Amino acid sequence: MLSKLISKQVLNHGLRLTTRAASASAQKKPVGDRKPDVKYQKLFINNEFVDAISGNTFEVLNPATGDVITEVADASEKDIDRAVKAAKDAFRLGSEWRRMDPAARGGLLNKLADLIERDQAYLAALETFNNGKPFKDSYNIDIPHCISVLRYYAGWPDKMNGKVLPVAGDFFSYTRREPVGIVGQIIPWNFPMILLCWKIGPSVAAGCTTVIKLDEHTPLTGLYTAKLIEEAGFPPVYGPHCGASLVKHPDVNKIAFTGSTQVGKIIGAETAKMVKRTTLELGGKSPNLVFADCDLDTAVEMSHFALFFNQGQCCCAGSRTYVEEKIYDEFVQRSIERTKRRKVGDPFDESTEQGPQISHEQMDKILDLIESGKRAGAKLLTGGQREGDKGFFVQPTLFADVKDDHRIAREEIFGPVMQILKFKSIEEVIERANDTDYGLAASVFTKDLDKAIVVSNGLRAGSVWVNTYDNFDPVAPFGGFKQSGLGREKSEYALDSYTETKCVTIKISERNS
């Protein structure tokens, strides 16, 4: 009974992704197709699938087995050139896209949401096949959230208003919000569909044209979505590889990147050379603060969820769990028990909670960081090894008595490795939580409202969740402080980075109040 209650709490108090999708199908339990037909492997440029100019391809793997799924066209600089040219032609003054009524752009986004909802089971199966996340998460969380985000942005195109300005003298002055132009969008592998829709939504709403670089690990759902975009009536332009050429292209007006801080710094340096508009959603080492006056059942389950969801492959994972010393021992013991119950295995099995990591390289990185924790003196209490010998699975792992200077407490692991640290006072834990280069997210578990507000205001993070985690409603902005990025995803705030503000001032014969 307790496990059922806690599972319900996770849905009610964390991961609020599906509330705006209004999809009854999201509550069903379909059986996912373990080997969905891969329909598209070519580049999608100017409303058609084409081979790469070089003829080159790259292999796409199933991370649950390590087997090759298919080969996908490998874009080069020349392919980026023709994709950008198509986007530039679509954005020319007087084009059908530029002349389209704003509400019609909203209609296209709603149509795309309809098509994704229609093909929800197929897209979820393809996402799991290519990414390795549990099918029940792909179907009940990721795809409904995509629908929700697109419907949210469908309402924005005819609501981005300028202003009439009360300037002095005989002048009429006003502002207008114009699309920034051609946008290059770089999608990561951990949430391929969700982050594709986070970027498509505001770009289309603002009236931009788009060239999208899908991650080479997980291009399959993005390529299928390209076909749905054509079916809906408008074509962003895709290229599954060659991100560097997209970033450097002189005709691309803005870059939106989600990925590691290391790569984000390289992209930021390149775009700065051209003063190119840039948004970066980067890494994190998010603190999760658990106070003694919390609801302990909820705090244990939500802290587990904050770290282990999506195989730990979340930029905002609650990867530094600070627990007040009064409840530290009990929290650790309950967390050990919960971690040992976590089922790892076939992502298409309904009972599986954790699938494989994305690649052998990522699995090796996680195992290396686990070894560093053991060498540093942190207490490994469960897990710590590869799970099985096929696919890229890592055992759910828990360390206690972690110190702030341990490598596992400083570096982004991006895997199923929980680190628990002890604290004594509010002032101490805020200072320690902020002692990081990152600032993407944080969480607080307490029943004391005053404490929740004081601590939340003291944390240097773009999102702070109180008694919940991963609350990703489309209305709420998401982005980081410090080296966790620039700009915001989702919400009204994201639209700012896809528009330019123009001021027009006209001399008139006489101005009257």
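The following dialogue examines how several terms are applied to this predicted model.

Student: What makes the length of helix 6 agree with expectation?

Tutor: Helix 6 covers residues 135-154, which is 20 residues. At 1.5 Å a residue it should span 28 Å, and its end C-alpha atoms are 27 Å apart, so the two values agree.

Student: Why is Arg-151 called partly exposed?

Tutor: Partly exposed lies between the buried limit, under 20%, and the exposed limit, over 50%. Arg-151 has a relative accessible area of 24%, so it is partly exposed. Glu-117, with 25%, is therefore partly exposed as well.

Student: Which elements cover the buried residues of helix 4?

Tutor: The cover of those buried residues includes helix 3, helix 5, helix 6, helix 7 and helix 8. Among the buried residues of helix 4 are Arg-105, Leu-109 and Ile-116.

Student: What makes strand 5 and strand 20 edge strands?

Tutor: An open sheet of three strands has the order 5-6-20, with antiparallel pairing. Strand 5 and strand 20 each pair on one side only, and they are the edge strands.

Student: How do you know that strand 6 and strand 20 pair?

Tutor: Pairing requires at least two bridges. Strand 6, residues 171-179, and strand 20 are joined in the antiparallel sense over nine bridges. One of the contacts in this pairing is given by Pro-179, whose bridge partner in strand 20 is Thr-499.

Student: Why is Ile-506 called partly exposed?

Tutor: Ile-506 has 38% relative accessibility, so it counts as partly exposed. This residue is found in strand 20. Together with Val-164 and Phe-172, Ile-506 makes a nonpolar surface patch of about 260 Å².

Student: What makes the contact between Arg-277 and Glu-500 a salt bridge?

Tutor: The limit is 4 Å, and the side chains of Arg-277 and Glu-500 meet at 3.0 Å, N to O. This pair too links distant parts of the chain: Arg-277 lies in strand 11 and Glu-500 in strand 20, 223 residues apart. Arg-277, at 38%, is partly exposed, and Glu-500, at 30%, also counts as partly exposed.

Student: How do you know that both faces of strand 12 are covered?

Tutor: Pro-287 and Leu-289 on one side, and Asn-288 and Val-290 on the other, are all buried. Strand 12 is also joined to strand 13 by four bridges, and the two run parallel. In strand 13, Val-323 is the bridge partner of Val-290.

Notes:
Residues are numbered from 1 along each chain as its sequence is written. This is a predicted model: local features need pLDDT of at least 70, side-chain atom pairs count only at pLDDT 80 or more; totals for chains, interfaces and linings use all residues. Side-chain values use heavy atoms; hydrogens and water are left out. The expected span of a helix is 1.5 Å times one less than its number of residues. Patches are made of residues with over 30% relative accessible area and no salt bridge: like charges are joined within 9 Å, nonpolar side chains (Val, Leu, Ile, Met, Phe, Trp, Tyr) within 5 Å. Accessible areas come from the Shrake-Rupley method with a 1.4 Å probe; for residues, only the protein chains shown count as cover. Buried means under 20% relative accessible area, exposed over 50%, partly exposed in between (1.4 Å probe, protein chains only). Contact means heavy atoms within 4.5 Å.
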